[in-house]
Amino acid sequence: MRRRGLTLDRLRQRLLLQGIRISLSTLSYWQNGRSQPERPDSLRAVDALESILELPRSSLRSLLGPHRPRGRAPQQDKSALSLLLTTNESSPMARALGSDFADVNSGIHQMINDTTLRLNEKRGMAVMSQRHVIRASREGVRAMTVVQVDEESAAAPPEITVTCGRLGRMRYLPELRTTVFDVLFGHPLARNETAVVAYDFRASDTGTPCSFFQQNVRKGLRESLLQVVFHPGALPLTAESYRRSSYEGQRTHVRSATLDASYSVHVLNTRMPSGYQGICWRWSD
């Protein structure tokens with residue numbers, strides 16, 4: 001603010017020009033650390049402040065601590081609420097969920113995520129297999145909602161095969177390149193009861209080579225494994241693992257990844273902060 005010659009009142013006015021109403025006292029609380037932005041409108045203001053202050057994208061969001069739920073919300077629900085800190089309101093995930101975004105899977109504490117992405121000889125995605133181990137943080141949870149965003153527009157809805165659980169409601173939103181579906185547990189879970197959810201996701205072949213894959217990591221996740229398996233006839237030149245504090249944030253913790261005997265690379269994170277973990281690779285041409 002000092003470098004840009006701006007006061008809190010001037011920041012408030014600049015936000016107002018973008019249709020964002022934030023009180024002067026709230027801005028002061030944020031500046032002094034008395035409170036932090038957590039609501040969707042507040043996080044939208046943070047994104048706008050980065051632009052107003054000419055800061056790199058996600059540079060302010062990355063400074064935010066974990067969400068602090070009000071009232072007597074169960075400790076495990078922080079797992080779902082961490083989405084507000086890692087995913088922008090304008091992202092396909094947030095737009096697909098709409099008003100359900102802030103509370104998606106709020107009764108579910110994800111403990112283990114295991115994801116395997118298999119590529120075909122055309123360098124595109126053949127199938128993505130995911131396995132989640134979850135624990136219910138309240139009584140009566142019946143399903144887990146999954147949001148899958150494709151990097152390329154597909155000509156047809158994806159094929160989803162649930163191997164543990166039962167496929168419930170499914171919505172395909174081609175304009176957002178996003179599929180939203182529920183996996184039913186089969187009975188209402190008791191509090192602290194665990195369940196396993198597993199499914200295969202096959203998108204229609206767009207003919208466009210895939211060069212990275214990343215997944216959201218929720219707060220409190222004990223273990224997250226991400227593996228990419230390449231076709232023997234289409235191997236990358238190099239591959240790297242990385243982290244991001246938000247969906248489009250700067251890549252950090254970049255590490256070189258070497259192909260193993262199965263033509264695959266992987267990254268395993270334990271107790272990772274909320275954000276995104278990913279693997280990227282470079283083709284020969």
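## Helix 3

The expected span of a helix is 1.5 Å times one less than its number of residues. Helices (H or I, at least four residues) and strands (E, at least two) are DSSP runs, numbered from the N terminus. Helix 3 covers residues 40-52, 13 residues in total.

Which residues of helix 3 are buried? They are Ser42, Leu43, Ala45, Val46, Ala48, Leu49, Glu50 and Ile52. Buried means under 20% relative accessible area, exposed over 50%, and partly exposed in between (1.4 Å probe, protein chains only). An α-helix has 3.6 residues a turn, so residues three or four places apart point the same way. Just after helix 3, Glu54 takes a positive phi of about 60°.

## Basis of the model

This is a predicted model: local features need pLDDT of at least 70, side-chain atom pairs count only at pLDDT 80 or more, and totals for chains, interfaces and linings use all residues. Residues are numbered from 1 along each chain as its sequence is written, and side-chain values use heavy atoms, with hydrogens and water left out.

Four strands form an open sheet in the order 8-13-10-11, with antiparallel pairing. Two strands pair if DSSP finds at least two bridges between them. Strand 8 (212-217) and strand 11 (252-256) are the edge strands, and each pairs on one side only. From one strand to the next, the twist averages 15°. Axes here are lines fitted to C-alpha atoms, for helices over the stretch in contact, and angles run from 0 to 180 degrees between N-to-C directions.

Strand 10 (residues 238-244) and strand 13 (residues 275-282) run antiparallel, joined by seven bridges. Arg244 has Tyr276 of strand 13 as its bridge partner.

## Positive phi in two loops

Arg123 is not a glycine, yet its phi is positive, about 75°. Arg123 sits in the loop between strand 1 (108-119) and strand 2 (125-136). Its relative accessible area is 19%, so Arg123 is buried.

Tyr263 is not a glycine either, and has a positive phi of about 60°. Tyr263 lies in the loop between strand 11 and strand 12 (264-270). At 35% relative accessible area, Tyr263 is partly exposed.

## Cysteines

How many disulfides does the whole structure hold? The search finds zero. The criterion is a pair of cysteine sulfur atoms within 2.5 Å. Cys164 is partly exposed, at 30% relative accessible area. Cys280 counts as buried, at 11% relative accessibility.
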